[in-house]
Amino acid sequence: MLSKIKIILIMMFSVVWCVFAPHIVHAATAPVLASEQVNTIDQKLHQQHFSGSVLIVHNGQPIYIQSFGYANYQQRKRNQPQMLYQIGSMQKTLTAVLIMQQIQAHHLRLDDTLAKYYPRIPNSQQITIRMLLDMRSGLQLSTLPSRVLTPAQLLNFITRHVQVKDVGDFDYQDVNYAILAGILSQVTHQSYQSLFTKTFLTAYSPQQAGFFNTFMQQSNTTCGYANDGNAPVPNYALPIYETPQLASCELGAANTYFNVWTLYQLQRDICEGKFISLSALQQLRTGIQYPHDRYIGGIHNTDQYYWSHGLIAGFESAFVISFNGQNAVVMLGNRPLQKYMPTLARSIYHHYALTPRLQAGRPSALTFFDKVNWPAVAFLRPSLAVPTLTQQMIINNYCLY
């Protein structure tokens with residue numbers, strides 16, 4: 001009887017090994033960016049005094065992951081690849097996908113007018129959901145509440161204070177996405193935060209992504225810093241602490257945090273049609289071509305890739321991603337650059353994400369990302385993989401000074 005059990009166990013182990021062993025070897029030996037290109041990127045980021053984490057992905061694989069500067073200078077805590085950063089307005093890309101999910105489910109239409117949901121808002125009969133998504137509603141909010149408001153209270157404040165000017169013209173205003181969040185709550189009968197969490201974050205822990213109200217509770221959080229324009233070299237003399245009052249005003253627009261890898265995974269999954277169909281994504285992001293601006297459906301659309309930018313409370317972020325989600329650059333920083341971050345992100349994307357020079361893998365934080373991803377295991381959703389203690393130790397001890 002015992003020998004039969006041993007035989008069965010050996011057979012089971014053999015099957016498991018045959019399935020996983022090739023992929024474990026693949027993960028351990030996955031190619032990374034060549035050393036000379038790594039040095040060039042490091043130098044560019046040092047020259048810009050970048051503080052934060054950068055991820056470069058080629059053909060769906062991380063080929064570069066580096067961190068620079070301090071997560072908290074007062075505590076002398078360095079930035080590391082798993083650090084959390086507020087992503088600012090890049091959250092709008094996700095809010096737009098939530099809207100498109102409801103359109104796919106026939107609960108909304110892009111040409112629905114605002115009068116259906118918030119009739120008290122001026123010119124609501126002329127303003128459509130499409131206009132809100134594309135920042136062409138003409139709505140402006142020149143005053144903010146002086147205290148923390150619930151989402152319902154904020155939307156009531158908006159309906160009483162919002163102004164309208166030049167419906168149809170492009171005007172980048174966060175109030176558009178606060179209203180979209182309110183529409184989502186009306187249609188789904190749940191809070192925006194609950195809907196967002198169920199849709200995008202159920203596979204992740206709060207140490208990977210979440211909302212502002214849990215940001216400071218995490219051990220791997222970062223502090224935002226102002227870029228002192230009077231200093232000869234950017235420093236950490238001016239920490240910025242976002243207030244709950246400001247965060248409550250950023251409903252649907254800019255009150256979430258991520259690490260670089262989790263944010264890439266979500267944006268890749270969107271591009272692959274895992275949240276909305278590819279035809280719905282195309283309708284969202286390319287359905288209407290405006291003559292002078294390509295901000296469509298919460299994201300910037302070019303002929304070659306999507307890109308996005310966020311800036312809030314000392315945090316600046318940018319990502320560039322190919323239409324199929326396989327090539328990308330993600331930059332999450334906790335001190336704004338003196339130059340426009342998307343320009344740097346697009347330059348890195350063109351030179352290193354599309355046609356990189358690769359070499360055999362080396363021990364680094366890449367080991368963590370490769371093992372977490374396990375891309376060749378078709379039946380295991382990448383975002384559900386959990387790092388082992390050893391993998392976590394690898395990434396915890398990896399930091400570029």
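## Close-up views of a predicted model

**View 1. Alanine 313 in its loop.** With 17% relative accessibility, alanine 313 counts as buried, since buried means under 20%. Keep in mind as you look around that this is a predicted model. Alanine 313 belongs to the loop that links β15 (305-312) and β16 (315-322). Most residues other than glycine have a negative phi.

**View 2. Histidine 106 in its loop.** Here is another residue that is not a glycine but has a positive phi: histidine 106, at about 65 degrees. You will find histidine 106 between α3 (92-104) and α4 (129-133), in the loop that joins them. Is histidine 106 buried or exposed? Its relative accessibility is 71%, so histidine 106 counts as exposed.

**View 3. Strand β2 and its two partners, β3 and β17.** Seven of the seven residues of β2 (residues 52-58) are buried. Both faces of the strand are covered, with Gly52, Val54, Ile56 and His58 on one side, and Ser53, Leu55 and Val57 on the other. Strand β3 (residues 61-68) pairs with β2 in the antiparallel sense, over seven bridges; within this pairing, serine 53 has serine 67 as its bridge partner. The hairpin of β2 and β3 has two residues between the strands, and asparagine 59 there takes a positive phi near 55 degrees. Strand β17 (residues 328-333) is also antiparallel to β2, and six bridges join the two. Look for glycine 52, whose bridge partner in β17 is glycine 333.

**View 4. An open sheet of three strands.** Follow the strands in the order β6-β12-β9, with antiparallel pairing. Which strands stand at the edges? They are β6 (85-86) and β9 (209-211), and each has a single partner strand, so one side of each is left without a neighbour in the sheet. Three bridges connect β9 with β12 (residues 256-258), and phenylalanine 211 has threonine 256 of β12 as its bridge partner. Helix α7 (residues 192-201) lies across β9 and β12, at about 175 degrees to β9.

**View 5. The buried and exposed sides of helix α11.** Among the residues of α11 (278-286), Ala280, Leu281, Leu284 and Arg285 are buried. Seen down the helix axis, the buried residues fall within an arc of 115 degrees, so they line one face of α11.

**View 6. Helices α3 and α10 in contact.** Two packed helices are described by the angle between their axes and the distance between the axes. For α3 and α10, the axes come within 11 Å and cross at roughly 35 degrees, and the crossing is left-handed. Thr93, Leu94 and Val97 of α3 meet Leu266, Gln267 and Ile270 of α10. By class, this contact has four nonpolar, two polar and no charged residues.

**View 7. Isoleucine 299 and the residues it touches.** Isoleucine 299 sits in strand β14 and is buried, with a relative accessible area of 0%. Leaving aside residues up to four places away in sequence, isoleucine 299 touches Thr93, Arg285, Arg294, Tyr306, Trp307, Ser308 and Phe319. Look also for methionine 90: it is 209 residues from isoleucine 299 in sequence, and 7.9 Å in space, C-alpha to C-alpha.

Conventions. Residues are numbered from 1 along each chain as its sequence is written. This is a predicted model: local features need pLDDT of at least 70, side-chain atom pairs count only at pLDDT 80 or more; totals for chains, interfaces and linings use all residues. Side-chain values use heavy atoms; hydrogens and water are left out. Two strands pair if DSSP finds at least two bridges between them. Helices (H or I, at least four residues) and strands (E, at least two) are DSSP runs, numbered from the N terminus. Contact means heavy atoms within 4.5 Å. Axes are lines fitted to C-alpha atoms, for helices over the stretch in contact, and angles run from 0 to 180 degrees between N-to-C directions. Buried means under 20% relative accessible area, exposed over 50%, partly exposed in between (1.4 Å probe, protein chains only). The arc is that of the directions from the helix axis to the C-beta atoms. A crossing is left-handed if the near helix is turned anticlockwise from the far one by less than a right angle, and right-handed if clockwise. Ala, Val, Leu, Ile, Met, Phe, Trp, Tyr, Cys and Pro count as nonpolar, Asp, Glu, Lys and Arg as charged, and the others, Gly among them, as polar.
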